[in-house]
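Look at the structure below.

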Amino acid sequence: MKLYNTLTRSIEEFVPVEKGKVKLYTCGPTVYHYAHIGNIRNYIGHDILDKTLRYLGYEVTRAMNITDVGHLTSDSDSGLDKMEVAKKREHKTSKEIADFYTEEFFKDFKKVNCRMPEIISRATDNIDEYIKIIDKLLKDGYAYISGGNVYFDISKLNDYYVLTNHQIDDLVVGVREGVEEDNRKKNQADFVLWFTTSKFENHELLWDSPWGKGYPGWHIECTGISIKYLGEYLDIHGGGVDNIFPHHTNEIAQSEAYLGHKWCNYWVHGEHLNDKAGKMSKSKGEFLTVSLLESKGYNPLAYRYLCLNSHYRNTLMFSYDIFDGASREYQKLKKKTLSLDNDGNVDEDKIKYYDDKFKEALGNDLNTSMAITILYDVLKDDTMNGATKRCLVAMFDEVLSLDLLVEETNEIDEDLKNYIEEMIEKRNNYKKEKNFEMADKIREELKEKGIMIQDTRNGTVYEIIG
């Protein structure tokens, strides 16, 4: 298997530390709000990586964190904790916020058929681990206390910017909005390992520590959870491109200073999902979620299909026109796979031929669009019987996870039902106003989503065919 390694800025042959086994860590959500579909694209990428490794025969142990404290609104360790922002916005406790949005995250996570990692750990469950690491960093001279906070001293490292290839003079204060410089630091890029009440006196989540009552910085959480559950040597660390600096850069700095050796060999980063306004963000007001798409009548797996048709290292553009096209393609694909008969004996030579091509595509830096092309090649191969095709579809879907051989149920999601009824009511009103152009437009919009409507003496009825 070959992967693009951000650390070396090249595609490399993947060689795990322990033969046949992979330790994989992927950054999880900060549970202060819903996950938008740009976030979910990244988790679909992690899922493909995880399932590809398993499909190729590796034994994978994957860990993922849940950030429920310490992630600030600025990447320069300034601003408010995102959980505190949510607490004020919704007039709930931090725990109530975290519990609610964690549950909502995993609902959408499962709707796009992402596999649950073996290890999922909340940041707040590992405070002792962070304190142990920070204490050693202080004793070894990699950290210092200033203004009540504990900082990591990047000047103690030979190459702090190994992941980004930055030069220190090129460094901006941070990479997001509202960034302020912290004058307590010795160096501009030093980062906080532990905050005390000297910074946020009214912070709800605080723990006792040798340096005063406070809470951990965001970066130390992933280091602590990864080392605690996966050990001192990590094969692959995954995340979004916006995690490269400073989050992953800081993880490398503190982890290797603590351990005294190289920590992670391969860094895999997924690109952004953009809309016409730019990168999808929670700061722009209302944002798109998988559940919102579902409430509009879309199958969440159509969104997974859209993501798989683009390489994870390429920026993906989202619009409803683009998504409508992907949704139609997905429904046609599923209709084709479900129509396959199971006649004949499985042709083992054909299985091996196409399975090798499928593995080659995925093994080439997770080329999912090529993997889907090979799936279509299978369906178009007239030399194969139905049983062989069904076998290959089932095999490929272990990774693609598009439910290609799963019959749709007749149960209708309540949100989808409300959406359809609302659209029918709008159409009826347009018809009463003799605005037949708009009425026909609604009919076509519903049809594109696989919803057929028919006017009867007893009113308008609908059928979901997709």
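Asp365 counts as buried, at 2% relative accessibility. Buried means under 20% relative accessible area, exposed over 50%, and partly exposed in between (1.4 Å probe, protein chains only). Asp365 forms a salt bridge with Arg313, and the closest N and O atoms are 2.8 Å apart. A salt bridge is a side-chain nitrogen of Lys or Arg within 4 Å of a carboxyl oxygen of Asp or Glu. This pair links distant parts of the chain, 52 residues apart. Asp365 sits in the loop between helix 10 (348–363) and helix 11 (368–380), and Arg313 in the loop between helix 8 (300–308) and strand 14 (316–317). Helices (H or I, at least four residues) and strands (E, at least two) are DSSP runs, numbered from the N terminus. Arg313 is partly exposed, at 30% relative accessibility.

The model is predicted: local features need pLDDT of at least 70, side-chain atom pairs count only at pLDDT 80 or more, and totals for chains, interfaces and linings use all residues. Residues are numbered from 1 along each chain as its sequence is written, and side-chain values use heavy atoms, with hydrogens and water left out.

## Other salt bridges

How many salt bridges does the structure hold? There are 24. In one of them, the side chains of Glu118 and Arg54 meet at 2.8 Å, N to O. Glu118 lies in the loop between helix 3 (94–111) and strand 5 (119–122), and Arg54 in helix 1 (residues 37–55), so the pair ties together parts 64 residues apart in sequence. Glu118 and Arg54 also belong to a network of salt bridges with Asp50, Arg62 and Arg115.

Arg122 forms a salt bridge with Asp68, with the closest N and O atoms 3.8 Å apart. Arg122 is in strand 5, while Asp68 is in the loop between strand 4 (59–66) and helix 2 (82–90). Asp68 is buried, at 4%, and Arg122 is partly exposed, at 24%.

## Cysteines without a bond

A search of the whole structure finds zero disulfides. A disulfide is a pair of cysteine sulfur atoms within 2.5 Å. Cys114 is buried, with a relative accessible area of 6%. Cys307 is buried too, at 5%.

## Where Asp413 sits

Asp413 is found in the loop between helix 12 (386–400) and helix 13 (414–432). Asp413 is partly exposed, with a relative accessible area of 31%.
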